Amino acid sequence: WIKNMLLLIACRGAAKSFMLAVYCILRAMIQQGIKIVVVGAGLRQSMVIFNFMETIWANAPVFRDICGKGDGQGPKKGLTACYFRIGSSEVIFLPMGSGEKIRGIRGQVIIADEFASIDPVIFEVVVRGFASVKSVGLFDNVQSAAKEKLARKLGLIVDSEVVTGANVPKI
């Protein structure tokens, strides 16, 4: 909750999609009124997280009682999108496609599932507009931050200064 951008990298079968489903449920329950947008390269991809949330909903009677029975609470499947209401919060699951059909969506939290399969141009032009958080040049910023973190770990950067050949620490 305290980071603006988060990247979850793990091996296959590490329950990444399930963790994102639990995150969406917790965030929507605790921070009432929030709007979370989950995008994937296609509707099938974004529905992976939706299906996990739907399974949790179906098997958790206490969770359903907390959310209430009226006002369209819980999961709703549509032809072009899926929705999940938890109290006054909403989680929307959208296919990325060419990006033309999803313009105009707004949300406070954006989750891009299978980020590598999303066209960078569509992400920068369409998805970054969903939230008010600045994400221009996100791909370059993520790469630069990873390079700087590795350089610090290796001792090649100390307090934003590059270590020169004579004083490079021995590893």
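**Strands and rings**

Analyst: This is a predicted model. Strand β4, residues 89-95, is mostly covered, with 5 of its 7 residues buried.

User: Which sense does β4 pair in with β1?

Analyst: Strand β1 (residues 35-40) pairs with β4 in the parallel sense, over 6 bridges. Within β4, Ile-92 stands opposite Val-37.

User: And how many bridges join β3 to β4?

Analyst: There are 5 bridges between strand β3 (residues 82-86) and β4, and these strands run antiparallel. Cys-82 has Phe-93 in β4 as its bridge partner. β3 and β4 form a hairpin with 2 residues between them. Gly-87, in the turn, has a positive phi of about 65°.

User: Now the rings. How many aromatic pairs are there?

Analyst: The count comes to 5 aromatic pairs. One of them is Phe-50 with Phe-84: the ring centres are 6.4 Å apart and the planes are at 75°, so the pair is edge-to-face.

User: Why does that pair tie together parts that are apart in sequence?

Analyst: Because Phe-50 lies in helix α2 (residues 43-58) and Phe-84 in strand β3, the pair ties together parts that are 34 residues apart in sequence. Phe-50 is buried, at a relative accessible area of 0%. Phe-84 also counts as buried, at 0% relative accessibility.

User: What about Trp-57 and Phe-84?

Analyst: They form an edge-to-face pair, 5.6 Å centre to centre with 90° between the planes. Trp-57 is in helix α2 and Phe-84 in strand β3, 27 residues apart. Trp-57 is buried too.

User: Which residues do ring pairs link into a cluster?

Analyst: Phe-50, Trp-57, Phe-63, Phe-84 and Phe-93.

Conventions
Residues numbered from 1 in each chain as written. Predicted model: local features only at pLDDT ≥ 70, side-chain atom pairs only at ≥ 80, totals over all residues. Heavy atoms only, no water. Buried < 20%, exposed > 50% of the residue type's maximum accessible area, 1.4 Å probe, protein only. Helix = DSSP H or I, 4+ residues; strand = E, 2+ residues; numbered from the N terminus. Pairing = 2+ DSSP bridges. Phe/Tyr/Trp six-rings, centres within 6.5 Å; stacked < 30°, edge-to-face > 60°.
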